[in-house]
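This briefing covers one protein chain, with notes grouped by topic. The sequence and the model are shown first.

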Amino acid sequence: MNQNQTTNFELSRAEVVDFLASFLNIQNAEKLLLNNRATLLNSIVSRWVKKLPFHNLKLQAQLVPRAIPNSREAVEDTFYGVGGLCCTHQIAAFLVFKSLGYDCYLGASDVGQMGCINHAVVLVRNLGNPGDLHVVDVGVGYPMFSAVKLKQRNEHVEFESISESFCTYKLVRNENSYSRYNLTSGRNDKIGRVYPKYLDGVWGKMYEFWTETVDILEIQRLINESVVYSNMDMKFNRMVMVCKYEKGEYIGFRGTTFLKEDGHGSLQREDLGSTEKTVLEISEHFPEIPKDIVGQAYKFWKNLPLELKI
């Protein structure tokens, strides 16, 4: 790993190929790079969301004011299987793809219509045919299991819906951006997420993203300065959560609730009753996350006033 704190961070191709083989069990990366680059990228994405946890535990374990990880920390938490938020997953995914020679870049995103850049997507050019543009998002609680090809006409277009695990979503092409909507009826209701905007009454707007190139340091600055990480009144900062899609099915914790997909696209809930028991269960299901981080995050959450806790 080579890093200049103020300019860039680079991974060697050998480091990435080793990570793919040892952690994601992709043994033929070099061959796929020559013969089927799209297959390799989608294999990385699919195995990424199944192996690497998405969580805010490291954020909640920090004292205020908080800061997102730099590029080196994001890659280390990825390569060691710790995972994290979008600022870990998406930055690391971008650097992994870039080191393998993909024509990729970062785009800005606003989750929850908060009026700020609080998320990043990875855009990949020319993955299938010249001129194609695909989006990758492994850095949310409802990730994409593969790269999704974007429609680039400057008009309103609704994509076909995609069902992965318990979640069904679709993208919508706006005049100058794209929006992701999650289906809120049926099996998607199990998490209980509330969205700021709805389409046709049943599609909740999760986020909006733009396809203009944003420099890695700039996107990190924007996310770091967004209210998500600095405003303790925001819902995101008053909860604790961790999840991954083990064998393609959701398993995770929100507060003291254990959630696990049942094999039929539905989530089963179990109230564990105490933070102490929850910390032990998380350490069992997510052993890569240091126990002290889990404990500190839940200590912070436990000490929140009841009216603020989510």
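Strand β4 (residues 103–111) is joined to β13 by three bridges, and the two run antiparallel. The model is predicted; its mean pLDDT is 89, with 92% of the residues at 70 or more. Residues 2–6 have a pLDDT below 50, and this stretch makes 11 contacts in the model beyond near neighbours in sequence. Where pLDDT is low, the predicted coordinates should not be read in detail.

- Strand β13 spans residues 203–209 and is mostly covered, with seven of its seven residues buried.
- β12 and β13 form a hairpin with three residues between them. In the turn, D200 has a positive phi of about 55 degrees.

**The five-stranded sheet**

- An open sheet of five strands runs in the order β3-β14-β15-β16-β17, with antiparallel pairing.
- Its edge strands are β3 (54–55) and β17 (267–271), each of which pairs on one side only.
- β14 and strand β15 (residues 249–254) are paired in the antiparallel sense over six bridges. In this pair, Y245 stands opposite Y250 in β15.

**Cavities**

- The structure has two cavities of 30 Å³ or more.
- The largest cavity holds about 60 Å³ of space. Its lining includes W48, V49, L52, F54, H89 and Y245.
- Two or more residues of that lining come from each of α3 (37–51) and β14 (241–246). β14 gives the most, with three residues.
- By class, the lining of the largest cavity has nine nonpolar residues, two polar and one charged.
- The second largest cavity has a volume of about 40 Å³. The residues lining it are Y142, P143, F145, E164, S165, C167, Y169, R180 and Y245.
- Six nonpolar, one polar and two charged residues make up the lining of the second largest cavity.

- The volume of the second largest pocket is about 240 Å³.
- It is lined by 16 residues, of which K58, L59, Q62, P69 and D77 are the closest to its centre.
- The elements that give two or more residues to this lining are α4 (57–60), α5 (71–79) and α6 (86–99).
- The lining of the second largest pocket divides into nine nonpolar, four polar and three charged residues.

**Residue L217**

- L217 lies in helix α7, which covers residues 216–225.
- L217 counts as partly exposed because its relative accessibility is 29%, which falls between the 20% cut-off for buried and the 50% cut-off for exposed.
- The C-alpha atoms of L217 and N70 are separated by 8.9 Å, although the two residues are 147 residues apart along the chain.

Technical notes:
Residues numbered from 1 in each chain as written. Predicted model: local features only at pLDDT ≥ 70, side-chain atom pairs only at ≥ 80, totals over all residues. Heavy atoms only, no water. pLDDT = per-residue confidence, 0-100. Contact = heavy atoms within 4.5 Å. 1 Å grid on protein atoms, 1.4 Å probe; cavity = no way out; pocket = protein on both sides within 12 Å on 5 of 7 lines; lining within 4 Å. Points joined across faces, edges and corners; volume = space filled by probe spheres on them. Helix = DSSP H or I, 4+ residues; strand = E, 2+ residues; numbered from the N terminus. Nonpolar A, V, L, I, M, F, W, Y, C, P; charged D, E, K, R; others polar. Buried < 20%, exposed > 50% of the residue type's maximum accessible area, 1.4 Å probe, protein only. Pairing = 2+ DSSP bridges.
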